[in-house]
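Subject: Structure handover and notes

Hello,

Here is the structure for your own work. My notes on it follow below.

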Amino acid sequence: QLESLVRITESLAKMRLEDRATAEDAQEAIRLFRASTVDAIASGVVESNLSEAQSEAVLKIEELIRRRVPVGATVLHSRLVAELSRMDLDARLIDRALFVMMRRDEFEWRKQRTMI
């Protein structure tokens, strides 16, 4: 985390074409870091000790699910998981994405957890 803050601070200075970062750059880096961390926690991705690549995959899967299941539509859970699995996506990450989306009330279980 400290290395990330340093990189963000340096990047802010570089955006201004400055050789040195200022205290304001560091404060802005901390603000950005906190905001992104809060967003990640709110999305539910951070809580499960996923690697960065896995977290990105979960976000990608969430987007695929949103495209596949329009607002107000229902789909069999098994069918959705099968479709996504055929795209070489990890079933565990598919379940994680669904869990996160359910937790955010983007979807809800229906018919004894067989339909979304």
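In helix 3, the buried residues are Ser-55, Val-58, Ile-61, Glu-62, Leu-64 and Ile-65. This is a predicted model, and every value in this email was computed from it. The partners of those buried residues are helix 4 and helix 5, against which they pack.

Overall layout

The chain has five helices and zero strands. Read from the N terminus, the order of elements is α-α-α-α-α. Of the 116 residues in the chain, 28% are buried. Taking contacts between residues at least 6 apart in sequence, 52% join residues at least 24 apart.

Helix 3 against helix 4

Two packed helices are described by the angle between their axes and the distance between the axes. For helix 3 (residues 52-68) and helix 4 (residues 77-85), the angle is about 125° and the axes are 12 Å apart. That angle makes helix 3 oblique to helix 4. The crossing of this pair is right-handed. On the helix 3 side, the residues that meet helix 4 are Ile-61, Leu-64, Ile-65 and Arg-68. On the helix 4 side, they are Arg-79, Leu-80, Glu-83 and Leu-84. Ile-61, Leu-64 and Ile-65 are also among the buried residues of helix 3.

Helix 4 against helix 5

Helix 4 and helix 5 (residues 91-103) have axes that come within 10 Å and cross at roughly 130°. Helix 4 and helix 5 are therefore oblique to each other. This crossing, too, is right-handed. From helix 4, His-77, Leu-80, Val-81, Leu-84 and Ser-85 take part in the meeting. From helix 5, Ala-91, Ile-94, Asp-95 and Leu-98 take part.

Helix 1

Helix 1 (residues 2-15) has 14 residues and reaches 20 Å from its first C-alpha to its last, close to the 20 Å expected at 1.5 Å a residue. Its buried residues are Thr-9, Leu-12 and Ala-13. Seen down the axis of helix 1, these buried residues fall within an arc of 100°, so they line one face of the helix. The face of helix 1 turned away from the buried side carries the exposed residues Glu-3, Lys-14 and Met-15. Just after helix 1, Leu-17 takes a positive phi of about 60°.

Thr-9 is found in helix 1 and, at 12% relative accessibility, counts as buried because the cut-off is under 20%. Leaving aside neighbours within four places in sequence, Thr-9 is in contact with Ala-21, Thr-22, Asp-25, Ala-26 and Ala-29. Arg-7 is also found in helix 1, but is partly exposed, with a relative accessible area of 49%. Between Arg-7 and Ala-26 there are 19 residues of sequence separation and 9.8 Å in space, C-alpha to C-alpha. Ala-26 is one of the contacts of Thr-9 as well.

Residues outside the helices

Val-75 lies in the loop between helix 3 and helix 4. Is Val-75 buried or exposed? At 4% relative accessibility, Val-75 counts as buried. Val-75 and Ile-116 are 41 residues apart in sequence, and their C-alpha atoms are 5.5 Å apart in space.

Glu-106 lies in the segment after helix 5. Its relative accessible area is 33%, so Glu-106 is partly exposed. Which residues is Glu-106 in contact with, leaving aside its neighbours within four places in sequence? They are Arg-66 and Met-101. Glu-106 and Arg-66 are 40 residues apart in sequence and 9.0 Å apart in space, C-alpha to C-alpha.

Regards

Conventions
Residues numbered from 1 in each chain as written. Predicted model: local features only at pLDDT ≥ 70, side-chain atom pairs only at ≥ 80, totals over all residues. Heavy atoms only, no water. Helix = DSSP H or I, 4+ residues; strand = E, 2+ residues; numbered from the N terminus. Expected span 1.5 Å × (residues − 1). Buried < 20%, exposed > 50% of the residue type's maximum accessible area, 1.4 Å probe, protein only. Arc of directions from axis to C-beta. Axes fitted to C-alpha atoms, helices over the stretch in contact; angles between N-to-C directions. Parallel < 35°, antiparallel > 145°, perpendicular 65-115°, else oblique. Left-handed = near helix turned anticlockwise from the far one by under 90°. Contact = heavy atoms within 4.5 Å.
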